[in-house]
Amino acid sequence: MKSYASFKVFSLIFGAVYMSLFWLNEFYGIAFLRYYPVLGGFYNERQPPETAGPAILWYFWLSGALAASLVVSLVVPRKWAERIPHNWVWLVSAALFVAIFVYERRWFY
Amino acid sequence: MVQLLVILHALLAVGLLGALTHQAFSVARRPSAHGHSFVDRYRGVNSPTFTNVIVLLFVITSIGGGLLYPRYRIDVRSTLEDLQLRAANGVFEIKEHFAALGLGLLPAYWLFWRPPLAAEYAAARKYVTWMLAFVVWWNFLVGEVLNNIKGLYP
């Protein structure tokens with residue numbers, strides 16, 4: 001069991017990084033990669049909406065969270081990972097779920 | 001092609017929903033020795049055997065959703081915006097975040113369900129399973145409503 005302790009680190013980091021990237025874009029308009037379905041390609045820079053249509057950022061948030069959580073879970077020493085309380089995984093996730101509901105309530109007014 | 005992918009996405013989601021709901025019920029409380037009711041039998045499945053299938057179905061279903069997303073963004077979302085159905089857009093925004101958080105939870109979920117089931121993981125196993133079940137139910141229902149929204153809101 002203990003050899004898989006880094007899985008806890010991955011799950012803890014993934015959600016936090018995903019939401020951080022999402023809010024980075026929401027509040028500051030920062031995104032390093034955008035997918036434009038009309039153009040059918042990924043772009044670093046924002047494209048003009050008249051010609052490029054809407055952008056999808058979900059792939060960037062996902063891939064960013066995947067990369068960060070993979071790196072951190074591989075770098076964190078196993079002893080440290082084992083010390084992380086198991087319940088932190090669901091507690092942090094539950095907090096993120098609540099934060100999503102609170103933030104996205106803007107759609108329902 | 002897109003229609004085929006939508007149907008496949010829905011079928012995979014049904015399988016995921018069934019497996020995860022079984023598991024979520026099974027960790028709700030300890031099964032009674034003499035329980036013969038439908039709920040007892042529904043809960044009394046060998047839950048750990050579902051784990052790998054659930055992880056696989058979650059990942060494949062999410063990839064399917066990711067492949068469908070561009071078409072949704074161009075066709076469906078713009079229609080929802082034209083119809084001023086802001087709430088429908090909102091529930092989809094929540095769906096995409098939930099799918100991402102669910103994907104991130106999978107490694108820990110797999111660890112907590114790894115046989116032999118460790119007593120030290122019992123609470124974490126229960127709550128992570130419930131969260132994933134909530135995610136899958138939310139995403140399934142939102143997906144179905146949005147898929148049928150023209151019929152639901154003529």
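Read from the N terminus, the elements of chain B follow the order α-α-α-α-α-α. The model is predicted.

**Exercise 1.** Determine how many helices and strands chain B contains, and describe its extent.

*Solution.* Counting the elements of chain B gives six helices and zero strands. The extent is then taken from the C-alpha trace, which spans about 55 × 30 × 25 Å along its principal axes.

**Exercise 2.** State what share of chain B is buried, and what share of its contacts with a separation of 6 or more joins residues 24 or more positions apart.

*Solution.* Chain B has 154 residues, of which 35% are buried. Among contacts in chain B with a separation of 6 or more, 75% are between residues 24 or more positions apart.

**Exercise 3.** Classify the arrangement of helix H3 (residues 58–75) of chain A and helix H4 (residues 86–112) of chain B from their axes.

*Solution.* The two axes come within 11 Å and cross at roughly 20 degrees. Angles under 35 degrees count as roughly parallel, and therefore H3(A) is roughly parallel to H4(B). The crossing of H3(A) past H4(B) is right-handed.

Conventions
Residues numbered from 1 in each chain as written. Chains lettered and ligands numbered in written order. Predicted model: local features only at pLDDT ≥ 70, side-chain atom pairs only at ≥ 80, totals over all residues. Helix = DSSP H or I, 4+ residues; strand = E, 2+ residues; numbered from the N terminus. Buried ≥ 20, exposed ≤ 12 C-beta atoms within 10 Å, placed from the backbone. Contact = placed C-beta atoms within 7 Å. Axes fitted to C-alpha atoms, helices over the stretch in contact; angles between N-to-C directions. Parallel < 35°, antiparallel > 145°, perpendicular 65-115°, else oblique. Left-handed = near helix turned anticlockwise from the far one by under 90°.
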